[in-house]
Amino acid sequence: MRIDILSKEYPPSIYGGAGVHVAELTRALRARGDTDVRVHAFGGPREEEGTTSHPDLPELEGTNAALTTLGVDLTMAAACAGADLVHSHTWYANFAGHVAGLLEGVPHVLSAHSLEPMRPWKAEQLGGGYRLSSWVERTAYEGAAAVVAVSAGMREDILRSYPSVDPAKVLVVHNGIDAELWRPNPAPDVARELGIDPDRPAVVFVGRITRQKGLPYLLRAAAELPPEVQLVLLAGAPDTPEIKAEVEGLVDDLRTHRDGVVWISEMLPRDRVTAVLSASSVFVCPSVYEPLGIVNLEAMACELPVVATATGGIPEVVVDGETGWLVPIEQVQDGTGTPVDEDRFVADLAAALTEAVGDLDRARRFGVAGRQRAVDAFSWDTIAERTMEVYRGVLAG
């Protein structure tokens, strides 16, 4: 059986959870030895056997980013000739999977890592391209043989966003974690080199600067943290100049009132990220939209307790009172995820973080429990087997 996996992100070009998922799922599927797994990814070139890179078409240089994406998708679809099944990830590759499925007469499976209707702020980034990306996503979901949701919360969002999709075709397979790669990595010298004091408590955030990650709410909440607590931000790749400017202004303002605000904007290699996590006391995920939140799994695997918003798939990962703290949120039902009462959400986030850093012994116990949960429930071998079950199901008709 030949499976072609289609993705915008693939090593060495990974900037989000979807890219991590594709890389780890591919590795786990190939390790089984019973399937020919080929990868088609944007950019390149890459030297990995069984992987084909697809650069932007020069004819579309300078056009809307969404149009450039569709140009790459067409070259990817053409390269899928001979596949028994195609599996696309995110709207960037959904069009390639949809077209390949039609051309080759094979099932198209897609994994839902996010949804365009749940991210209306992307219109800031893509302009008219957001209408195009939304059309692509809807068309692909409605035509897919199966839709894989990375959480039960994401499954609900899919059926609400695309009510014409048959619920029987929407299956839940969680994201996973490699607990050997993501594990405690005490390296205080690395922390100091990055400007972090490993002898002080620290709250750490890891994520892109995008509306869905809720970073502005965290920066407001951080003003209420005890003065000895550091705030460490591994935050880069802003979606728009506007969100970048907003975050910069909030960080500058925070630094006028407290020290220990460390902002690292470049993407760090994994060994340095695990060193930062291991030098911290609490991980924070203030997202207002998060289908699952693989960053929470990465932090848990490094024995870090998590304070996270109780939204999307996060409650399926973080167990309140056992591996961390879930912050309640009531959200506007317009697709933005905006808190109904932003001040209340900020206050609740600040209170949860203050409680977490106020009892570091309990935080450490939560961290140990979190790693055990990551190992037991979210291994990539388990995720690969459940994905293979999806493949077998659609191929069986």
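Student: How many salt bridges does the structure hold?

Tutor: Side chains of opposite charge can pair when their charged atoms come close. In this structure, which is a predicted model, the number of salt bridges comes to 23.

Student: Which residue forms a salt bridge with glutamate 385, and which parts does the pair tie together?

Tutor: The closest N and O atoms of this pair are 2.7 Å apart, and the residue that meets glutamate 385 is arginine 32. Because glutamate 385 lies in helix 14 (residues 380-395) and arginine 32 lies in helix 1 (residues 17-32), the pair ties together parts that are 353 residues apart in sequence. The partner is therefore arginine 32, and the parts tied together belong to helix 14 and helix 1.

Student: Is arginine 32 buried, partly exposed or exposed?

Tutor: Buried means under 20% relative accessible area and exposed means over 50%, with partly exposed in between. The relative accessibility of arginine 32 is 30%, so this residue counts as partly exposed.

Student: Where do arginine 192 and aspartate 189 lie?

Tutor: These two residues form a salt bridge in which the closest N and O atoms are 3.4 Å apart. They are three residues apart, about one turn of the helix, and both lie in helix 7 (residues 188-193).

Student: What is the N to O distance where the side chains of arginine 192 and aspartate 199 meet in a salt bridge?

Tutor: Arginine 192 is partly exposed, with a relative accessible area of 43%, whereas aspartate 199 counts as exposed at 64% relative accessibility. Their side chains meet in a salt bridge with an N to O distance of 3.8 Å.

Terms used:
Residues numbered from 1 in each chain as written. Predicted model: local features only at pLDDT ≥ 70, side-chain atom pairs only at ≥ 80, totals over all residues. Heavy atoms only, no water. Salt bridge = Lys/Arg side-chain N within 4 Å of Asp/Glu carboxyl O. Helix = DSSP H or I, 4+ residues; strand = E, 2+ residues; numbered from the N terminus. Buried < 20%, exposed > 50% of the residue type's maximum accessible area, 1.4 Å probe, protein only.
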